[in-house]
Amino acid sequence: MTSLPTAIERSLGLVIDLDTCVGCHACVVNCKEWNTGGYGAPLGDLDPYGDEPVGSWLNRIHTFEVTPEDAPASIVHFPKSCLHCSDAPCVTVCPTGASYKRSEDGIVLVDESMCIGCGLCAWACPYGAREMDPVENVMKKCTLCVDRIYNDNLPEEDRTPACVRTCPAGARHFGDFSDPESNVSKLVEDRGGFDLMPEMGTAPVNKYLPPRPKQATESCGASEAKPDETANATGFLGWLDRALERLG
Amino acid sequence: MHPAISVIFFTVTSGAGFGLIAMIGVGAPMSQGPLAAFLISLLAGGLAVAGLISSTFHLGHPERAWRAFSQWRSSWLSREGVLAVATLFLFGVYVLFWLFAGNRPLWLGVLIAFLAIVTVVATAMIYTQLRTVPHWNSILTPLVYVGFAIACGYVAAAALNPETNSSDRATIAGMACLVLIVAWALKMSWWHRAGRTSLAAVGSTPETATGLGAIGRVRLLESPHSGENYLTREMVHVIGRKHAAKLRAIALTTGFAAPLLISLAVAISGGPLAWLGVAFVCLIAGLFVERWLFFAEARHAVSLYYGR
């Protein structure tokens, strides 16, 4: 049923720390690796070794340049995957019931055997979290590694989403946002976690932590051209400078 | 947004079909006899059905399309499917009366006309409901869809009208002018609103998309991958809007000026209403261009993450 659940028992999701992400794409690769062999159909690629490879990915890293008014620009690596929104527009637009949000843990999933591949859910999502699989022609999205987090066959430390498990910088955190004492709730409170595009009214579960303020540098003009210090040189070195200049 | 030919054909053709069904339903005069009844019903039903079948061509799994009838409680796409099938079923019953009893029950016709218009509203709501596409997210979108459905339906019904009195023919053609003007006036106001309704105007910018606005201005430095992906092909489609101004002029000339002049000529001369058949074809051709722009010019919020 593509109506949203009236109550959510737990609200599982991710906190992504934009301060510590180094943009290494390890989470992207491990996500693809796990999810191509896990839940649902494999994550397909077309022309993977050719000139124009295209494929479905559940997690992608963008890199942005942020320019403050009074300081040099800085680079922010920006991982983006499904935010498992509380008011998920991708779920309610689905005509078949393939898209649903689970009441027990708030995870948004696609039942691929019911998906007709109309693509309307991807249109409804402002974040670009859903991608049509080019081989299976069904909608793919982050499952929050639902086949890992409850999997008793895995060692306990592996029962987190693949992206969280693999992140070498500790920039991704997994937990229950409905518990105010959980690791993710505390991170959001301590670091001022925020929503992406709150104006879209999607009430995302996943939160992002802002980059910590940069230390003010003494001078912002490091890249400015230095005046030519040799122009007024005199004596032997001045003569040598001019003679070498003339050699072209 | 990517202008998929199947969806353009679907929205234009089924809109015209349901418009004509509505006109037949409210009792537009038609030629007598079972053969005329059969051919007219085939045209109206055929347009609507051809559009609906075309809409399944862009599905990844058309063989599962029947599942789309299940979620009418929450999904406009599902509602559209249910309403279309219900309207066509009742229209089939209506056509049986028309063919075999030789009469057109008005009570059933009015119900069918109502359902046909609601179906067109549901089609429009598939797009209107998307907050991610500010161009579409307006009450004007269903008004435009209904306006064009009624315009197509009226012009087609007028072309099929067997009226012999030339002053009555002039009145019917004059009404066609009015209907065309109203429909395109709605579209003009839709275009006017779209011109003012950017993503930034509804409060979405690269700064809100990344949440980094508190630090400074945000600009994409590197895309996630060097190539294209589903999102950029489907929702960050920029080629289609390159010639937007020219295409808009073509849509207006073909879909508005041409059918208006033909209708006006018939209204003044009281000539044969069959000329409105040509006006109908021009209108449909213009609407294909109009609908291309409806998709191609629409910007999706995800484009903010791709710096385009």
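**Cysteines, a glycine, a helix and a strand**

Colleague: How far is the sulfur of A:Cys90 from the closest cysteine sulfur, in A:Cys125?
Modeller: In this predicted model, a disulfide would need a pair of cysteine sulfur atoms within 2.5 Å. The sulfurs of A:Cys90 and A:Cys125 are too far apart for a bond, at 6.2 Å.

Colleague: Before we go on, what kind of model is this?
Modeller: Residues are numbered from 1 along each chain as its sequence is written, chains are lettered from A and ligands numbered from 1 in the order in which they are written, and side-chain values use heavy atoms, leaving out hydrogens and water. Local features need pLDDT of at least 70 and side-chain atom pairs count only at pLDDT 80 or more, while totals for chains, interfaces and linings use all residues, since this is a predicted model.

Colleague: How many disulfides does the structure hold over all chains?
Modeller: A:Cys90 has its closest cysteine sulfur in A:Cys125, too far for a bond. Over all chains, the number of disulfides is zero.

Colleague: Is A:Cys125 buried or exposed?
Modeller: The cut-offs are under 20% relative accessible area for buried, over 50% for exposed, and in between for partly exposed (1.4 Å probe, protein chains only). With a relative accessible area of 8%, A:Cys125 is buried.

Colleague: Over in chain B, which residues does B:Gly211 touch, not counting residues up to four places away in sequence?
Modeller: B:Gly211 lies in the loop between α7 (206-210) and β1 (217-222) of chain B; helices (H or I, at least four residues) and strands (E, at least two) are DSSP runs numbered from the N terminus. At 24% relative accessibility, B:Gly211 is partly exposed. Taking contact as heavy atoms within 4.5 Å, B:Gly211 touches A:Phe194 and A:Leu196.

Colleague: How far apart are the end C-alpha atoms of helix α5 (residues 140-159) of chain B?
Modeller: The expected span of a helix is 1.5 Å times one less than its number of residues. For the 20 residues of α5(B), that should be 28 Å, and the end C-alpha atoms agree, being 28 Å apart.

Colleague: How many of the 20 residues of α5(B) are buried?
Modeller: The helix is largely enclosed by the rest of the structure. Its count of buried residues is 18.

Colleague: Back in chain A, which residue of β11(A) is the bridge partner of A:Ile16?
Modeller: Two strands pair if DSSP finds at least two bridges between them. Strand β1 (residues 12-17) of chain A runs parallel to strand β11 (residues 207-209) of chain A, with three bridges. In β11(A), the partner of A:Ile16 is A:Tyr208.
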